[in-house]
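Here is a short briefing on one protein chain. Keep the structure open while you read, and find each residue as it is named.

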Amino acid sequence: MSLGLLRQIYKVNYQDTQVVINQENQEVLRLPLPSNWNQIDVKETTSGNIRIKKFDTGTNKQITETWIDEDTLKLKAGVKFTFTGKTGVDDFAFYGPLQEKSTESQKLLELKLPSSWNNSSTGAATEINGLHVKKENRKHYFLVDDLKKLKIITISNESKDFTIYFNVDDLIAAGLIK
């Protein structure tokens with residue numbers, strides 16, 4: 001049962017570390033959550049014999065991939081991978097998100113891709129300037145660990161966009177629903 005549905009039956013207050021269920025200004029149940037509940041890799045817990053799970057709402061922009069393509073990198077981190085054409089057809093660069101009170105993006109890293117990739121849809125993974133890059137189906141993919149090391153992206157371990165669900169059988173056993 002979703003938190004939203006449970007709120008149609010009870011007054012439910014949810015904070016980072018606990019769920020408090022009230023009925024007519026009286027506390028019915030308090031469910032403490034683990035201190036690491038907001039971490040991305042924590043998907044479920046049990047509190048007061050009630051199993052609780054969390055699911056990504058689909059709007060989470062956390063990077064959890066091992067390899068990330070250029071479109072997803074722009075969507076999730078605001079980092080654009082684009083052709084620069086400085087010295088040839090193989091010249092590309094990463095540009096960071098627009099800085100506050102600025103109209104220009106900061107150049108984060110320049111890359112000269114293998115010329116063999118110009119007319120192909122795929123290319124084996126190769127390391128360029130400390131970044132592992134590969135090409136599949138005409139998209140460029142980057143190793144996320146390298147992007148972090150090069151400070152092109154930073155990743156938070158906290159999950160911000162999730163929905164909480166309670167096990168229905170456990171809610172019945174606790175006498176909260178029939």
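Predicted model: local features only at pLDDT ≥ 70, side-chain atom pairs only at ≥ 80, totals over all residues.

Three strands form an open antiparallel sheet in the order 1-2-3. Another open sheet of three strands has the order 7-8-9, again with antiparallel pairing. The count of aromatic pairs comes to seven.

- Strand 1 (11-15) and strand 3 (26-32) stand at the edges. Each has a single partner strand, so one side of each is left without a neighbour in the sheet.
- Neighbouring strands here are turned by 15° against each other on average, direction ignored.
- Strand 1 and strand 2 form a hairpin, with two residues between them.
- Five bridges pair strand 1 with strand 2 in the antiparallel sense. Val12 has Ile21 in strand 2 as its bridge partner.
- Strand 2 (residues 18-23) is joined to strand 3 by six bridges, and the two run antiparallel. Look for Val20: its bridge partner in strand 3 is Arg30.
- As a rule, side chains in a regular strand alternate between the two faces of the sheet.

- Strand 7 and strand 9 (107-112) stand at the edges. Each has a single partner strand, so one side of each lacks a neighbour in the sheet.
- On average, neighbouring strands of this sheet are turned by 25° against each other, direction ignored.
- Strand 8 and strand 9 run antiparallel and are joined by five bridges. Tyr95 stands opposite Lys107 in strand 9.

**Aromatic rings**

- Seven aromatic pairs are counted. One of them is Phe55 with Tyr165: the ring centres are 5.5 Å apart and the planes stand at 75°, so the pair is edge-to-face.
- Phe55 lies in strand 5 (residues 50-56) and Tyr165 in strand 13 (residues 162-166), so this pair ties together parts that are 110 residues apart in sequence.
- Phe55 is partly exposed, at 44% relative accessible area. Tyr165 also counts as partly exposed, with 34% relative accessibility.
- Phe81 and Phe94 have ring centres 4.9 Å apart and planes at 50°, so this pair is tilted.
- Phe81 is in strand 7 (residues 80-83) and Phe94 in strand 8 (residues 91-95), 13 residues apart.
- Both Phe81 and Phe94 are buried.
- One aromatic cluster is formed by Phe81, Phe83, Phe92, Phe94 and Phe142.

**A lysine over two rings**

- Where does the charged end of Lys54 sit? The charged end is over the ring of Trp37, 5.1 Å from the ring's centre.
- Lys54 also lies over the face of Phe162, at 4.5 Å from the ring centre.

- Thr72 lies in helix 2 (residues 70-77).
- Is Thr72 buried or exposed? Its relative accessible area is 18%, and the cut-off for buried is under 20%, so Thr72 is buried.
- The side chains of Thr72 and Asp69 are joined by a polar contact of 2.8 Å.
- Leaving aside neighbours within four places in sequence, Thr72 is in contact with Glu65 and Ala77.

Notes:
Residues numbered from 1 in each chain as written. Heavy atoms only, no water. Pairing = 2+ DSSP bridges. Helix = DSSP H or I, 4+ residues; strand = E, 2+ residues; numbered from the N terminus. Axes fitted to C-alpha atoms, helices over the stretch in contact; angles between N-to-C directions. Buried < 20%, exposed > 50% of the residue type's maximum accessible area, 1.4 Å probe, protein only. Polar contact = N/O pair within 3.5 Å; in protein donor to acceptor, adjacent residues only side chain to side chain. Contact = heavy atoms within 4.5 Å. Phe/Tyr/Trp six-rings, centres within 6.5 Å; stacked < 30°, edge-to-face > 60°. Lys NZ or Arg CZ within 6 Å of the ring centre and 35° of its normal.
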